[in-house]
Amino acid sequence: MLRFIREIILLVVHFAYSALLTVGICVGVTLHTYGLQYRYTPEFAGKLHSYINFGLVVGALYCLIILCYLLTRRSLETRGDEPWNNTDNLG
């Protein structure tokens, strides 16, 4: 149970980190390209909304990849049996 809670917390942290990093990079490139005064314009507010949506999608895809990895790793761990990568099983 503790392992499950730890993995959920790590997924949430990874989601937040990847979403914020994506939005931050997009905003940084936009402000570097158009200048710092561009942040007060309505066009920037529209772009920021798009960047936030893009960051959420990137964060969700990143967490999906991590979740698939964790489930694959867990399915390969067998309890009580020999490990799947036992050298006797290799041809």
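## Burial and the basis of the model

A residue is called buried when its relative accessible area is under 20%, exposed when that area is over 50%, and partly exposed in between, with a 1.4 Å probe and protein chains only. By that scale Y38 and F44 are both buried, and buried residues make up 21% of the 91 residues in the protein.

The structure is a predicted model, in which local features need pLDDT of at least 70 and side-chain atom pairs count only at pLDDT 80 or more, while totals for chains, interfaces and linings use all residues. Residues are numbered from 1 along each chain as its sequence is written, and side-chain values use heavy atoms, with hydrogens and water left out.

## Fold and overall surface

The protein has 2 helices and 0 strands, where helices (H or I, at least four residues) and strands (E, at least two) are DSSP runs numbered from the N terminus. Helix α1 covers residues 2-34, and helix α2 covers residues 42-76.

Among contacts between residues at least 6 apart in sequence, 70% join residues at least 24 apart, a contact being heavy atoms within 4.5 Å. The accessible surface of the protein comes to about 7200 Å², and carbon and sulfur atoms account for 70% of that surface; accessible areas come from the Shrake-Rupley method with a 1.4 Å probe, and for residues only the protein chains shown count as cover.

## The aromatic cluster

The structure holds 2 aromatic pairs, a pair being rings of Phe, Tyr and Trp (its six-membered ring) whose centres lie within 6.5 Å, with planes under 30 degrees apart counted as stacked, over 60 as edge-to-face and the rest as tilted. The rings of Y34 and Y38 are stacked, because their centres are 4.6 Å apart and their planes stand at 25°. The rings of Y38 and F44, in turn, have centres 5.8 Å apart and planes at 75°, so this pair is edge-to-face.

Taken together, ring pairs link Y34, Y38 and F44 into a cluster. Y38 has a relative accessible area of 14% and is therefore buried. T30, which lies in helix α1, is buried with a relative accessible area of 5%, and, leaving aside its neighbours within four places in sequence, T30 is in contact with G35, Y38, F44, K47 and Y51.

Side chains of opposite charge can pair when their charged atoms come close. With a salt bridge taken as a side-chain nitrogen of Lys or Arg within 4 Å of a carboxyl oxygen of Asp or Glu, the count comes to 1 salt bridge, and the side chains that meet in this salt bridge are those of R3 and E7, at 3.3 Å from N to O.

R3 and E7 are separated by about one helical turn, because they are 4 residues apart in helix α1. R3 counts as partly exposed at 29% relative accessibility, whereas E7 is buried with a relative accessible area of 12%.

## A nonpolar patch on the surface

M1, F4, I5, I8, I9, V12 and V13 form a nonpolar patch on the surface, with about 700 Å² of accessible area together. Patches are made of residues with over 30% relative accessible area and no salt bridge, in which like charges are joined within 9 Å and nonpolar side chains (Val, Leu, Ile, Met, Phe, Trp, Tyr) within 5 Å.

I8 and L67 are 59 residues apart in sequence, with 9.6 Å between them in space, C-alpha to C-alpha. A16, in helix α1, counts as partly exposed at 34% relative accessibility, and its C-alpha atom is separated by 9.8 Å from that of C63, which is 47 residues away along the chain. S50, in helix α2, counts as partly exposed at 43% relative accessibility; S50 and V23 are 27 residues apart in sequence and 9.3 Å apart in space, C-alpha to C-alpha.

S18, found in helix α1, is buried with a relative accessible area of 9%. The side chain of S18 reaches the backbone oxygen of F15 at 3.1 Å, and, leaving aside its neighbours within four places in sequence, S18 is in contact with G59 and Y62.

Key
Polar contact = N/O pair within 3.5 Å; in protein donor to acceptor, adjacent residues only side chain to side chain.
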